[in-house]
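Here's a quick briefing for anyone opening this structure for the first time.

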Amino acid sequence: MSLHLEIVTPEKKVFSDAVDNVYLPGADGELGVLPMHACLVTSLQPGELRYLHNGQVVTLAVGSGFAEVTQTKVTVLTDMALGEDEIDEQSAEEAIQRAQEKLQAVEHSMDAEEVAYLQGVISKSAAAISFKRKFRQ
Amino acid sequence: MANLRDIRRRIKSVKNTAQITRAMQLVAAAKMKKAQDQALAGRAYAERLTQVLFDIRKNFSEESHPFLEHREGNRELVLVISTDKGLCGPLNTNLARKIRAQTSPTADIVTVGRKLRILCEKLGKNVIADFTVRDPVPFSQTRPIAKFLSQQFLDGNYDKVSIAFTSFVNTLRQEPEVVTLLPIQAHRDGEEQAFEQIGTGFSVQQHQNDPDRDFTFEPSPAEVLAAILPLYVNYEVFQAHVESRASEHSARMVAMKSATDNANKFIKELTLEYNKLRQGAITAELLEITTAMKAME
């Protein structure tokens, strides 16, 4: 019994193959998924996603989004999924900077959606940076 | 011999035209590649999103979220995505025909793109808003459009929101389409094709083994729905734009290519005629000279 993992971002299909297990950064904390897991839909927070593929643990930094878990399949929909070598720390830091500046500008307009979006950008980039640093050590 | 000069002038002007259309073809081809890549890349995400919504549809009802609410009444709002520039074949005309066939004549219109905005205004439709979207399509510019549309729906100004756009099939084929955006048609049990998917004619798959799966939701069903549904609306709107843009550049590329081909064919024909005339003129002149020489002998 295997588990099919599919990671999709708006830009591309990042990964699609059978894996042995998946660890997701769920909204209520990290979530381990093995084959025959109960059906579940969870929202994801920016963090670290791990899966075991052909005996190798692969780790990706993911942004917010959500995941659908069925007994044979895990679908991860997220706005970012990057491997360690794909993360550019500097541009991530710049993204945070920009988002924070914008955030200050729109805070007065009370546009809840815009604020939520910018906070999403910040936490996403922060997750990417901490992920990158962790790997360097 | 005025005829000769006329032909020469024609050849020159046709050559100029061919040069221009060829340049436009090259520009469109470059943009087309980018736009097509973007359209194809976004499809996987939109499809998965649709599939997830379909899978969990039995776990929520019409009351769970305002986006799902079906209302009596037929006040319709249509987002029309056309092109800013012309010279892209029958793209906009086809879309206009589709809109006429598939939406109510009293529907109000929101437009993106100049071409059909002008047409809608001419036809006396009520255009309530107009947006501009850059090329290539940035997500940040379609978000306000999605927000505007859902706000109109939530405020109860309209009972149904649709999108009219051109779906990209391949470089030679683009299909005009009208799909319903709101209310999201997820919960309607028994309907095989409850979802209309933008772009691909993608249809959701029924899982045969376990049709009535009960999903657990984390943190809670309401929170998950509140996250997924706006995302779905945002992405449908975005994908519709990306598809339209890919269609536009493809159509323009093809139109300009056939224009260039026609011009080149025309040049060939004109050159042939020109040479024939020139040859005729030379023959006639030679004839005159020889006749004159014969007369002198």
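A word on terms before we start: helices (H or I, at least four residues) and strands (E, at least two) are DSSP runs, numbered from the N terminus. Keep in mind that this is a predicted model. Counted that way, chain B has five helices and six strands, while chain A is divided into domain 1 (3–82) and domain 2 (88–136). The two chains touch, with 21 residues from chain B and 21 residues from chain A taking part in the contact.

**Chain B at a glance**

- Starting at the N terminus, the elements of chain B follow the order α-β-α-β-α-β-α-β-β-β-α.
- Chain B has 297 residues, and 38% of them count as buried.
- Take the contacts in chain B between residues at least 6 apart in sequence: 78% of these join residues at least 24 apart.

**The strands of chain B**

- Strand 1 of chain B (76–81) is mostly covered, with five of its six residues buried.
- Strand 1 of chain B has strand 2 of chain B as a parallel partner, and five bridges join the two. One pair to look for is B:Leu77 with B:Asp108 in strand 2 of chain B.
- Strand 1 of chain B also pairs with strand 4 of chain B, again in the parallel sense and over five bridges. In strand 4 of chain B, B:Val161 is the bridge partner of B:Leu77, and B:Ala164 is the bridge partner of B:Val80.
- Strand 4 of chain B is largely enclosed by the rest of the structure, because nine of its eleven residues are buried.
- Strand 4 of chain B pairs with strand 5 of chain B too, this time in the antiparallel sense over nine bridges. B:Ser162 sits opposite B:Thr180 in strand 5 of chain B.
- To get from strand 4 of chain B to strand 5 of chain B, follow the hairpin, which joins them through two residues.

**Helix 4 of chain B**

- Helix 4 of chain B covers residues 139–154, which is 16 residues. From first C-alpha to last, helix 4 of chain B reaches 22 Å, close to the 22 Å expected at 1.5 Å a residue.
- Which residues of helix 4 of chain B are buried? They are B:Thr142, B:Ile145, B:Ala146, B:Leu149, B:Ser150 and B:Phe153. These residues cover an arc of only 130 degrees around the axis, so they lie on the same side of helix 4 of chain B.
- Over on the other side of helix 4 of chain B, B:Ser140 and B:Gln151 are exposed.
- What do the buried residues of helix 4 of chain B pack against? Their partners in chain B are strand 1 (76–81), strand 2 (108–112), strand 3 (127–131), strand 4 (160–170), strand 5 (173–182) and helix 5 (221–296).

**Inside chain A**

- Domain 1 of chain A and domain 2 of chain A have their C-alpha centres 22 Å apart. Nine residues from domain 1 of chain A and six residues from domain 2 of chain A make up the contact between them.
- On the side of domain 1 of chain A that touches domain 2 of chain A, the residues split into four nonpolar, three polar and two charged.
- Is A:Leu118 buried or exposed? A:Leu118 counts as buried because 21 C-beta neighbours lie inside 10 Å, and 20 or more is enough for that label.
- Leaving aside neighbours within four places in sequence, A:Leu118 is in contact with A:Ala99, A:Lys102 and A:Leu103.
- A:Ala95 is 23 residues from A:Leu118 in sequence and 9.9 Å away in space, C-alpha to C-alpha.

**Where the two chains meet**

- The contact between the chains takes 21 residues from each of chain B and chain A. On the chain B side, helix 1 (2–55), strand 6 (216–218) and helix 5 each supply at least two residues.
- Helix 1 of chain B gives the largest share of the chain B side, eight residues.
- By class, the side of chain B that touches chain A has twelve nonpolar, two polar and seven charged residues.
- Strand pairing crosses between the chains as well: strand 5 (residues 40–44) of chain A and strand 6 of chain B pair in the parallel sense over three bridges. Here B:Thr216, in strand 6 of chain B, is the bridge partner of A:Leu40.

Methods. Residues numbered from 1 in each chain as written. Chains lettered and ligands numbered in written order. Predicted model: local features only at pLDDT ≥ 70, side-chain atom pairs only at ≥ 80, totals over all residues. Expected span 1.5 Å × (residues − 1). Buried ≥ 20, exposed ≤ 12 C-beta atoms within 10 Å, placed from the backbone. Arc of directions from axis to C-beta. Contact = placed C-beta atoms within 7 Å. Nonpolar A, V, L, I, M, F, W, Y, C, P; charged D, E, K, R; others polar. Pairing = 2+ DSSP bridges. Domains from an automatic or database assignment.
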